[in-house]
Amino acid sequence: MKTVIMGAGAMGSLFGGLLALAGEEVWLVDIWKEHIDTLRSKGLVLEEKGKAQPIPIHATTEVASVGKADLVLIFVKTYHTEKAVSDARVLQKESTVFLTLQNGLGNEETICKEMERKKVLLGVTGQGATLLGPGHIRHAGWGKTYIGELDHQITDRAIWVAQSFCDAGIETEVSSNIHDHVWGKLLVNVGVNALTALTGFSNGQLLDYPETTRLMERLVLEAAEVARKKGVHIEEDPIEKVRKAIEATRENRSSMGQDFDHRRKTEIDAINGAVVREAQSLGIPVPFNQAVTDLVKAIEKSF
Ligand code: NAD
């Protein structure tokens with residue numbers, strides 16, 4: 001299987017590196033030249049549980065030079081999706097599958113603007129990674145990955161992608177209700193990301209203070225109400241789910257927190273901002289999500 005990864009940052013390099021180690025043909029595509037040059041000359045350094053190993057891997061800034069792909073994995077930040085998918089059109093043949101494992105809501109809609117809907121698979125991952133520098137990442141989380149068809153069918157191609165991920169050590173399940181999983185992950189991001197960015201806290205510190213705990217709960221409850229009104233099935237108590245996720249990543253600083261630390265644009269529009277948009281279309285008030293979205297966007301503008 002020839003896999004091309006659009007966006008070779010922390011997660012693109014993690015999935016690319018693990019698939020390459022398992023013997024798959026993988027191409028990493030990124031616009032960051034220094035990173036790509038390092039990957040080409042020295043390979044990808046993947047740090048895992050205190051050990052670092054170099055992985056030889058194909059990497060390029062020129063997507064048109066890669067040829068046709070069986071699988072295209074979209075791993076840019078959500079605000080770069082439209083451009084990356086447009087660039088990736090040259091990779092497609094009849095059977096090419098495009099899969100997003102990005103966080104947030106709206107990825108499906110953005111990709112389907114550029115790509116035939118029948119070619120698109122949706123997913124979420126509990127894997128985590130940190131980019132340490134050009135050509136160098138750390139594997140930082142080991143949760144399960146879920147993928148699924150937009151029309152909820154269990155297809156051979158989804159099983160085949162999941163199998164190749166499993167063979168690479170990425171535990172993956174094909175789901176017939178992938179939108180429920182997307183919302184499940186969204187609830188965690190809604191409760192954690194903006195609050196850690198705004199406070200400067202690690203994930204776990206949110207639970208150390210009654211004020212941030214209460215804010216986390218209000219953000220999550222608002223989003224869960226929107227999800228229910230949209231017919232999304234939420235299995236467990238959403239607050240408990242988010243508390244467990246926070247405890248499991250207590251020492252981590254969320255990606256939005258890290259974006260703030262580096263004065264970078266965040267994915268707020270795909271997370272709390274997406275809850276606000278969905279709520280507006282349903283006529284549900286979500287003042288806490290509106291407030292954190294406005295605060296994050298205003299601070300972002302000052303960078
Ligand atoms: P990242 O910023 O490390 O990597 C994104 C990469 O995309 C960058 O290297 C950037 O140069 C590249 N890029 C931008 N525009 C491009 C284009 N047009 N073509 C090719 N490359 C382009 O981000 P990340 O942490 O890997 O996150 C990627 C997605 O995965 C996000 O939606 C994030 O929320 C999600 N995610 C991240 C983690 C994590 O632990 N980092 C975990 C789960 C999900």
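**View 1. Pairing of strands E9 and E10 in the predicted model.** Strand E10 (residues 172–174) runs parallel to E9, and three bridges join the two; strands (E, at least two residues) and helices (H or I, at least four) are DSSP runs, numbered from the N terminus. Two strands are taken as paired if DSSP finds at least two bridges between them. Glu-173 in E10 is the bridge partner of Tyr-146. This is a predicted model, in which local features need pLDDT of at least 70 and side-chain atom pairs count only at pLDDT 80 or more, while totals for chains, interfaces and linings use all residues. Residues are numbered from 1 along each chain as its sequence is written, and side-chain values use heavy atoms, with hydrogens and water left out.

**View 2. Pairing of strands E3 and E9.** Strand E3 (residues 44–48) is joined by three bridges to strand E9 (residues 136–149), and these strands run parallel. Glu-47 lies opposite Arg-138 in E9.

**View 3. The hairpin of E8 and E9.** Strand E8 (residues 120–133) runs antiparallel to E9, with eleven bridges between them. Opposite Gly-123 stands Ile-147 in E9. The hairpin has two residues between its strands, and Gly-135 adopts a positive phi near 75°.

**View 4. Packing of helices H7 and H11.** Helix H7 (residues 210–229) packs against helix H11 (residues 287–302) at an angle of about 115°, their axes being 8 Å apart. Axes are lines fitted to C-alpha atoms, for helices over the stretch in contact, and angles run from 0 to 180 degrees between N-to-C directions. H7 is therefore roughly perpendicular to H11 (65 to 115 degrees; under 35 is roughly parallel, over 145 roughly antiparallel, and the rest oblique).
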